[in-house]
Amino acid sequence: MIIDLDKNIKVIRPEGKAMYPYCNSIFIDDDIKTLIDAGSGGNAYAQIPKEEINLLLLSHSHFDHTHGLDYFPQAEIMAGREEQYAFVDEKAFYLSSGFQRWEAFMGSPKEVKMDSETPLPDDVLAKTGFRPIKLNGVFKDGDEIVLGSTRLTAIHTPGHSPGHYAFFFPDKKILFSGDLDISPRGPWYGNEKSDFGDIIASVEKLIALQPEVLITSHRKVFYEQVEQLLRQYIQIALDRDEKIMAYLNRPRSINEIADQELGFYALGKTDFNVFWSKVMILKHLERRIKLGEVEDLGNYCYARI
Ligand SMILES: [Zn+2]
């Protein structure tokens, strides 16, 4: 499905839900035909001139945003400069997943691999796991990209991943916020290189742009109350942070903290969700340690200072 936001700016919605392994893309039909993200699936891309896409901008390196790159043979590919490693360095790619903590968090060894356990749909081209991707260029915070009559600004919004970018169309007040996605479960920061403090700062940075229309990677288009939506979204994680701090009324292990009701399991208590919830708790604790409010006692035990 295509949603026209303006003469040139269109949202490409996946055929089914915009949930993993799919994401929304933005198609800018201007002098330089541009696509933001490549995870909507081949069925959705059947509606746009794939061979004519000149430029592909990636919000970040995660699989559900990159698997469709091969549909666009003419496109130059660009990503944020802070996440180049994920496209070229297999070791850094796997380390950034955090799965090296699996045994410590889950009590049994896990082969370090990224394969999802559900089979992928036919219109998802690539397989999960590391795949070298040749970037033709990188962008950095504040870069303006002019595509003809349409211009957009790259907004570095780390936290979900270190080189996560949003894209803002200043003339239209349209914001594409990527995986800062207004999920009712709050933001996701379950990778080794995720950072909870960065997530808070990134959401504030988006609010300061005063966007009027918000497109995210995994939800419908929001045409009103964008600031309120962003504030409610970050508040879910801030409330969780308060709960974790209240529970640290005496030294606690990460497993004890994870046994509290912190709202991580709305999509089921799978092994992966349990693992990622522990990584996210770790991200809360790492921020409080940096602020000098929590002490790491070793062995994944923590105390309030
Ligand atoms: Zn992501």
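What percentage of the 305 residues of the protein chain count as buried? In this predicted model, the proportion is 42%, where a residue is termed buried if 20 or more other C-beta atoms lie within 10 Å of its own, exposed if 12 or fewer do, and partly exposed in between, with C-beta atoms placed from the backbone. Because the model is predicted, local features require pLDDT of at least 70 and side-chain atom pairs count only at pLDDT 80 or more, whereas totals for chains, interfaces and linings use all residues. Residue numbers start from 1 along each chain as its sequence is written.

The C-alpha trace spans about 60 × 40 × 30 Å along its principal axes. Of the contacts between residues at least 6 apart in sequence, 57% join residues at least 24 apart, a contact being two residues whose C-beta atoms, placed from the backbone, lie within 7 Å.

An open sheet of 5 strands has mixed pairing and the order β8-β9-β10-β11-β12. Its edges are formed by β8 (144-146) and β12 (213-215), each with a single partner strand, so one side of each is left without a neighbour in the sheet. Neighbouring strands of this sheet are turned by 25° against each other on average, direction ignored; the axes are lines fitted to C-alpha atoms, for helices over the stretch in contact, and angles run from 0 to 180 degrees between N-to-C directions. Two strands are taken to pair if DSSP finds at least two bridges between them.

Within this sheet, strand β9 (residues 151-156) runs antiparallel to strand β10 (residues 165-169), and 4 bridges join them. Thr153 has Phe168 of β10 as its bridge partner, and Ala154 is partnered by Phe167 of β10. On its other pairing, β10 is antiparallel to β11 over 3 bridges, with Phe176 of β11 as the bridge partner of Phe167. The hairpin formed by β10 and β11 has 4 residues between the strands, and Lys173 in the turn has a positive phi of about 60°. Strand β10 is largely enclosed by the rest of the structure, because 5 of its 5 residues are buried. Both faces are covered, with Tyr165, Phe167 and Phe169 buried on one side and Ala166 and Phe168 buried on the other.

The largest nonpolar core has 63 residues, and those with the most contacts inside it are Ile26, Leu35, Leu56, Phe72, Ala166 and Phe167. Helix α7 (residues 226-247) supplies the largest share of this core, 6 residues. Such a core is a set of buried Ala, Val, Leu, Ile, Met, Phe, Trp, Tyr and Cys residues joined through C-beta atoms within 7 Å. When residues up to four places away in sequence are not counted, Phe72 touches Leu35, Ala38, Lys50, Ile53 and Leu56.

Several backbone features were also identified. Most residues other than glycine have a negative phi, and most peptide bonds are trans. A cis peptide bond, with omega of about 10°, joins Tyr20 and Pro21; Pro21 is placed in the loop between β2 (9-12) and β3 (25-28). Ile182, a residue other than glycine, has a positive phi near 60° and lies in the loop between β11 (174-176) and α6 (196-208). Ile182 counts as buried because 20 C-beta neighbours lie inside 10 Å. Asn299 also is not a glycine and has a positive phi of about 60°. Asn299 occupies the loop between β14 (294-298) and β15 (301-304) and counts as exposed, with 9 C-beta neighbours inside 10 Å.

Glu103 belongs to helix α5 (residues 102-106). Glu103 is exposed, with 11 other C-beta atoms within 10 Å. Leaving aside neighbours within four places in sequence, Glu103 is in contact with Ser108, Pro109 and Lys110. The C-alpha atoms of Glu103 and Phe275 are separated by 9.8 Å, although the two residues are 172 residues apart along the chain.

Notes:
Helix = DSSP H or I, 4+ residues; strand = E, 2+ residues; numbered from the N terminus.
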